[in-house]
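Here is a walk through one structure, from its aromatic rings to its nonpolar cores. Keep the coordinates open as you read.

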Amino acid sequence: MAETAAANASGGTMGKTRFRDTEAASGLAMISPTAIYAILVLAAPLIAVIVYSFMTKGPNGVEPIFTLQNYITVWTGKIYRAIMMRSLSVSFMVTLATVVLAYPLAYFISFHVQPSKKSLWLFLVTIPFWTSYLIRVFLWKVILGYNGVINSGLLNLGIISEPLTIINYNVGALVVTLAHAYAPFAVLPIFVALEKIDRSFLEAGQDLGESRWATFLRVTLPLSMPGVIAAVLIVFIPTIGDYVTPDLIGGGKIPMIANMVEVQMLKQNNRALGSAIAVSAMLIVLVITVVFLMLNRRFLKGGAR
Amino acid sequence: MKSPFLKSYAVVYLLFLFAPIVLLPLFAFNDSKIIAFPLTGFTTNWFQVMADDPNLFKALKNSLFIAITSAALATCLGLFAARASTRFVFPGKGPMMGLIMLPMVLPDIIIGMSLLIVVLAIGVPLSMMTIILGHVLMCVPFSVAILSSAFQSLDRSLEEAAYDLGETPASTFRLIILPLVMPGIISSFLISFTISLDEYIVASFLGGSETVLSVYIYGQFRFPARVPAIMALGTILVAVSVVLLTIAEYFRRRGIAKSGGKDTGGFL
């Protein structure tokens, strides 16, 4: 450290580049174990999936014969298209519900809770997330089922005379369960964005005679958009690939992409087709993410004017 | 700026978040095979039923081994990445950190199937080791997030003071930095442990014949008669994770207080 400081002080540009070199070298050396692990265990397998998706199904896995047939099957097959569309629409609904419901809570914690109690509130929001996902999903099945908690409770109270069927194992139940599972992922980024807003902006708005609601729409909401965008992406991307919820809640009757991948990979042993489904799903997510970010950049530019 | 409407909304929202967890012990202690209202009576029988299954303990043992190993490895790898990203500027930092953090948003099924393809292609037999491989990958981003905030709140001048007093980088790390980020390390370990214990997809894809706790629970859901016992098991699991989280949160806050930083919120 002392040496580099001396080199920095005495030498002109040369000292500076040398300092940067050593810093770059230390940084690279420091990150290399984790980066190498991620390359070997994440990047290489993802590349393998892409390669597999262009291969032909063989007796033992795949044969190295190039083909586009897997993609043709995935993109033209009726079942595959239906399941893709279902996954997309469920993800959209979950994202919308989660973010819209999370915003007021994040706003409340950021603006109405005393600073000393904020971390307690955040802790409360994150607790359910850290308890067994499987058991939480199963409990929603129990709550929403035909003989479930809601139906048996309402029957007992005499509010309904027959069990409700609209809340049972359908897409709506999927959305409720997933919206519950991803709630903290939406609350936290929005909260962080709200915390960063300079409170004097809001006072300025109100001093200039705007109503509280107008200030919210013109100042708070636009300034918190980065958090909302982060929340949308962090909910949308994992929900589209969720496996447990469609399987448990839907009982195999309303599969989503992940269930389809699992069937091809393990039950049908068609790794090439399974890979093509996975790559297609990742492509769709990537395209939607990029479009969303671009739309948003435009919106933010417009807002900053 | 008091708003009764927002406050009641927040309370209702928390009720929604906690609804499944609150129902869990109700049914675990309820004297009925059917999970429905009204409750019929108090019993601890389901805990006995749960404990009578030897498969549970085998699965639990496997899960504990996997979770402890994964948490230790993920925290070590997380330390390297968090230290590198908060302390140094180097080429390729953005893409490398992006790749390391990617599993946080990547669907688990993609991680599971891509690893399965490679493991089968190389010819590695499926075992607890292959599960650990996947779990470490999934825990590292959380570990990096926690440890980065621990490193960020470190005062750089403490480190420079140690260098000026003749310590080497290695001894400075051991004597100054490590004790200050220790709370972060503990909370990273506990969070990774919880994630690994709970994880299902990678464990079922890469486990081969080894059953872990989550795979065991998933299998039990198929038998309605076993459900009350699973409610009992779930109650114990929830209680354990709440205790672990409270410890993790305690250490995280103490760590921030120790290094004089400002508390900015939760784990994520």
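**Rings, a glutamine and the cores**

A:Tyr182 and A:Phe185 are both buried, where buried means under 20% relative accessible area, exposed over 50% and partly exposed in between (1.4 Å probe, protein chains only). This is a predicted model: local features need pLDDT of at least 70, side-chain atom pairs count only at pLDDT 80 or more, and totals for chains, interfaces and linings use all residues. Residues are numbered from 1 along each chain as its sequence is written, chains are lettered from A and ligands numbered from 1 in the order in which they are written, and side-chain values use heavy atoms, with hydrogens and water left out.

Start with the rings. A search of the whole structure gives 18 aromatic pairs over all chains. Rings of Phe, Tyr and Trp (its six-membered ring) pair if their centres lie within 6.5 Å; planes under 30 degrees apart count as stacked, over 60 as edge-to-face and the rest as tilted. A:Phe54 and A:Tyr71 make a tilted pair, 5.1 Å centre to centre with 40° between the planes. This pair links distant parts of the chain, 17 residues apart. A:Phe54 lies in the loop between α2 (13-53) and β1 (56-58) of chain A, and A:Tyr71 in helix α3 (residues 69-76) of chain A. Helices (H or I, at least four residues) and strands (E, at least two) are DSSP runs, numbered from the N terminus. A:Phe54 counts as partly exposed because its relative accessibility is 26%. A:Tyr71 is at 13%, so A:Tyr71 is buried.

A:Tyr182 and A:Phe185 are tilted too, at 5.6 Å centre to centre and 35° between the planes. A:Tyr103, A:Tyr107, A:Phe111, A:Trp213 and A:Phe216 form one aromatic cluster.

Now turn to chain B. B:Gln220 belongs to helix α10 (residues 213-220) of chain B. B:Gln220 is buried because its relative accessibility is 9%. Beyond neighbours within four places in sequence, B:Gln220 contacts B:Asp53, B:Arg226 and B:Ile230; contact means heavy atoms within 4.5 Å. B:Ile230 is ten residues away in sequence and 7.4 Å away in space, C-alpha to C-alpha.

The largest nonpolar core has 167 residues. Such a core is a set of buried Ala, Val, Leu, Ile, Met, Phe, Trp, Tyr and Cys residues joined through side-chain atoms within 4.5 Å. Among the residues with the most contacts inside it are A:Leu105, A:Val244 and B:Ile217. Helix α4 (residues 78-112) of chain A gives the most to this core, 15 residues.
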